[in-house]
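Please read them beside the model.

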Amino acid sequence: MTGSEIKLETQNFDLYYGNFQALDDISLQIPANQVTAIIGPSGCGKSTFLRAFNRMNDLIPGVHTDGEISMEGENIFNMDVVALRRRVGMVFQRPNPFPKSIYDNVTYGPRVNGLRDRDKLDEIAERSLRGAALWDEVKDDLGKSGLALSGGQQQRLCIARALAVEPDVILMDEPASALDPIATLRIEELIRELKEDYTIVIVTHNMQQAGRVSDYTAFFYTDESRTGILVEFDNTKKIFTNPSDQRTEDYITGRFG
Amino acid sequence: MKLTYLVDRSIKYILLVCALLSVFILFLIAVFTLREGLEAFQTIGVGQMLSGTVWRPGQDQYGILAMILGSVLVTIGAIAIGVPFALGCAIFLAEVAPDNVRAIVRPAVELLAGIPSVVYGLVGMVVLVPMVRQIPVPGNSGYGLLSASIVLAVMILPTITNIAEDAIRAVPQSYREGAFALGSTHWQTITGVILPAARSGIIAGIILGVGRALGETMAMIMVIGNSVVLPKPLNDNPITIFLRQARTLTGNIAVEIGYATGVHESALFATGVILFMLIMLVNIAARMLMKERHA
Ligand SMILES: Nc1ncnc2c1ncn2[C@@H]1O[C@H](COP(=O)(O)OP(=O)(O)OP(=O)(O)O)[C@@H](O)[C@H]1O
Ligand SMILES: [Mg+2]
């Protein structure tokens, strides 16, 4: 790997839904302030892997894990899960703003964190909405319901909502798959800007998108016998031009998946 | 082929007749009650009835303000006690309880709805009234608004719990995940996102509870004391009004209809009309409230 520092690291990580093993011995290192893409055929464990980093899988009954995930060297399973999720934000596949005003959506995180100061909240709202490239479109109507926005705006609102908590890492699970091409381009542009300040891990089905936005790419795979295996992890350029594994090449060139 | 076609065509009309019939029955009840109560409204006057504080049929005094107040107060009491309790149950069932616990608690709550009203009255008389009587305030007999409110709170519990639980369960999982991912605790997620999102359903449940409370008769007669005097606090503390005996609109009708004749009988029907309107008003208020939320 290059000289950049490591933000997240998994070591021999396994995850089971009951008896079903969905992640199989994954070891990789996610560099800080870079965009890491996770690609692979449907059902290969991309979402499961992503949700491991903020322990969202804890919410699913019957899930257990083996191996380790650490953030800046600290085992995330020993951390308070609320504290972890404040440092590792998440944007979901379907935009999921709360049925509240734009303002209340963006300031939700700081408010559950105990912040009451109205001026501070206003400031965070503006900064986060600017960060998510949504401010100019909504600044005159922050009281409007978040649900009244277009799909692309809703997704940027969800990004703003995640930014407001000031995380280190942002996880994105196919954040543009429910959006039209123009809204998608805006999100991609935004992702490239955000990596200045954040470490980004993004799941995507779209090879071009992975190529456009990411610095590193992890290719996950599933076959008859195993699910959630990491085939290859490398520079995005390397993965797309000169993959070392045949399965990666087949997938990228669209021969299957 | 022909038969299924026929059934298909006619089922629509059969269903329509059922629907119309129920509307018609509602209409009939309204008209009939109004007709029977008309005499009272004419001879006594609507204003006189509504504002009159004295109910003394022997002397042709038919003020029902005391009963209106009785019904309203006992409903407020039941809501004040019952809603937090029911919401607690609903949140527990929808968000906290593991499946096996829920499999026991939910039917138990539902069973509460199946217990006959008179049994609630009995238990209230034998268990609750003596307990309330222990509250050391001069003039407190145990019978009265507090006992009635508690009984009623339990009676409306299943209605509110069920509807609120359904409303909470109907909140999309994506809201839950969104809140958790922002680092809220389970409790913060419930109070900050889930309950607000389920608000209109919860309000609907409370309104149905209010409707049920206003209509409850037998259990009320058994524990409320049935005094026709305008309820007032027992001492300087206004809350002691709940230790006062009272009578509900429903109780007034049920207690006296057996022997009432003439204007007296008509006045009881008129009481029914007013009850009817009160419940309608509550429902309209509820609908307006729920619309507001959606706007
Ligand atoms: N809650 C769950 N319970 C049981 N099995 C699950 C659960 N969630 C996912 N799985 C299984 O785990 C495997 C990986 O699922 P996951 O959602 O992580 O795949 P994915 O790579 O994100 O797929 P997609 O590209 O379709 O989103 C699949 O076989 C899936 O059926
Ligand atoms: Mg997925």
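1. The contact (heavy atoms within 4.5 Å) draws 17 residues from chain B and 23 residues from chain A. Please bear in mind that this is a predicted model, in which local features need pLDDT of at least 70 and side-chain atom pairs count only at pLDDT 80 or more, while totals for chains, interfaces and linings use all residues. Residues are numbered from 1 along each chain as its sequence is written, chains are lettered from A and ligands numbered from 1 in the order in which they are written, and side-chain values use heavy atoms, with hydrogens and water left out.

2. Between them, chain B and chain A bury about 1,500 Å², of which 64% lies on carbon and sulfur atoms; buried area is the accessible area (1.4 Å probe) that two parts lose on being put together, summed over both. B:Glu177, B:Ala181 and B:Leu182 account for 39% of the area that chain B buries against chain A, more than any other three residues.

3. One salt bridge is found across the interface of chain B and chain A, where the term means a side-chain nitrogen of Lys or Arg within 4 Å of a carboxyl oxygen of Asp or Glu. The side chains of A:Arg51 and B:Glu177 meet in a salt bridge, at 3.1 Å from N to O.
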